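Opening the notebook on a new structure today. I'll jot down what I look up as I go.

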Amino acid sequence: MFDVGRLCVKTRGRDAGKKCVIVDKPDETHATVDGLVRRRNVNIKHLEPLKETIKISKGASHATVISEFKKFGIEIKETKKKESKSRPKTQKKKKTPKPQKQPEKKAEKKKQEKPKKDETRKEQSSFVSQKPEVSVKTEKKEVKKEATETKKDKKETNIKENPESTPKNG
Amino acid sequence: MPSGRHKSRSLRRVFVKTPGSRTVLHYKKRAPSKAKCSSCGAVLKGVARARPHKMQNMPKTKKRPQRPYGGVLCSKCTARMIKDKSRK
């Protein structure tokens, strides 16, 4: 019954329910199979024979099987193997080391503050001798903007040293 | 004392050991029952048992076998069905 050329239907596996032809019989229990199914050795228990037979020589190639199936009315489509694309590797962003700016900024600030202090004192002494009224008011406004307690104390002492030049603010 | 909603037996109790070397009770939901063949009632193989939010993230091949009527009928019932169809 299970001879070369017998049409069968596969009952097991992912090819189950598809038609095939016995191409060779290596053992009593196994058979090589081809057609709508992958070409492979299969247990006879997993095949259900049909009434039809096909004239095929032992060990026929895949091409002859396709041509014989066309006569029966069954078309076999040849599928091309998909080329597996390699996944693109995501390039990790390189972490650039952050430049240490914070201590430099503080040093710069201190340097900027120091000349300001000296300049204001110099301005007071120069302006005080020439034009006391206008200069002192402007100076005091500038002092208030930049002010800290230390600055105020120092400037009050400076003002006290020159009492004649500084007018009393009303 | 556990709160009222934790007393139901639809939750399972799990003892968990914390990094602070304390054992603590956690309440977890139970997994669904095993899938069965729709014709003979046998337990199906190759079907995962997990809560819906986990099943959603699983690939298709891990949830059912790659066979016609996979996940619905057992292998015996599918073979029987194909034989009966071909003999007609």
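How many helices and strands are there in chain B? I count two helices and two strands, and reading along the sequence I get β-β-α-α. I note that this is a predicted model.

Burial in chain B next. Of its 88 residues, 6% come out as buried. I also checked contacts in chain B between residues at least 6 apart in sequence: 24% of these join residues at least 24 apart.

Then the interface. I find nine residues of chain B in contact with nine residues of chain A. On the chain B side, I sort them into three nonpolar, four polar and two charged residues.

Which residues make up the largest nonpolar core? I list twelve: A:Cys8, A:Val9, A:Ala16, A:Cys20, A:Val21, A:Ile22, A:Val23, A:Ala31, A:Val33, A:Val37, A:Val42 and B:Ile82. Strands E1 (6-10), E2 (19-24) and E3 (30-35) of chain A each supply at least two residues of this core. E2(A) gives the largest share, four residues.

Leaving aside neighbours within four places in sequence, A:Val21 is in contact with A:Gly5, A:Leu7, A:Asp34, A:Gly35, A:Ile54, A:Ile56 and A:Val65.

Last stop, helix H1 of chain A, residues 62-72.

Key: Residues are numbered from 1 along each chain as its sequence is written. Chains are lettered from A and ligands numbered from 1 in the order in which they are written. This is a predicted model: local features need pLDDT of at least 70, side-chain atom pairs count only at pLDDT 80 or more; totals for chains, interfaces and linings use all residues. A residue is buried if 20 or more other C-beta atoms lie within 10 Å of its own, exposed if 12 or fewer, and partly exposed in between; C-beta atoms are placed from the backbone. Two residues are in contact if their C-beta atoms, placed from the backbone, lie within 7 Å. Ala, Val, Leu, Ile, Met, Phe, Trp, Tyr, Cys and Pro count as nonpolar, Asp, Glu, Lys and Arg as charged, and the others, Gly among them, as polar. A nonpolar core is a set of buried Ala, Val, Leu, Ile, Met, Phe, Trp, Tyr and Cys residues joined through C-beta atoms within 7 Å.
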